[in-house]
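Please find below a short note on the model, arranged as numbered points.

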Amino acid sequence: MAYAFAAGAIGATPLPLADLPLISALQLKLLHTIASLYRQPLKLKTFVELITTMGVGLLFRQGARSLLKVIPGFGNAVSGVYAGATTYALGCALCFYYQVIFDGHLPRPEQIKTFYEEKLVEGMALLRKRGLSNED
């Protein structure tokens, strides 16, 4: 969740596209942390495979998310929630991936994609709820 909140804060900054390298670096650090927790070697290949599995559309959605910032206020808020939710879902997908490997299996790409999409919806709800409670 800490990575998701950090990505959300970065994603809510008002400069379109300027946050993409920062969020990518944060997500790479997330990969490093989760790989360490599962005592797995850190492999950029794993990250690339997961991103590819979740679809090239993920990259386009990140760019579109950042471009929403041209709408003052609303665009920043939506961008922040989406950046946090995608980071949350990525972290969950990494945990799922490493847990399946830890259990002696190889996860199928469609399993990872489905799990990621479920966690993206969950992350959006969690971050919206968290954002509303902070405004009160």
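1. N76 is buried, at a relative accessible area of 16%, where buried denotes under 20%, exposed over 50% and partly exposed the range in between, for a 1.4 Å probe and protein chains only. The model is predicted: local features require pLDDT of at least 70, side-chain atom pairs count only at pLDDT 80 or more, and totals for chains, interfaces and linings use all residues. Residues are numbered from 1 along each chain as its sequence is written, and side-chain values use heavy atoms, with hydrogens and water left out.

2. N76 belongs to helix α5 (residues 74-102); helices are DSSP runs of H or I with at least four residues, numbered from the N terminus. Beyond neighbours within four places in sequence, N76 contacts (heavy atoms within 4.5 Å) G11, A12, T13, P14, K69 and I71.

3. In helix α1 (residues 2-11), the buried residues are A4, A7, G8 and G11. Viewed down the axis of α1, they fall within an arc of 105° and therefore line one face of the helix; the arc is taken from the directions from the helix axis to the C-beta atoms. A2 and A9 are exposed on the other side of α1.

4. E49, in helix α3 (residues 44-54), is partly exposed at 36% relative accessibility. E49 and P109 lie 60 residues apart in sequence, with a C-alpha to C-alpha distance of 9.0 Å.

Definitions and conventions: Helix = DSSP H or I, 4+ residues; strand = E, 2+ residues; numbered from the N terminus.
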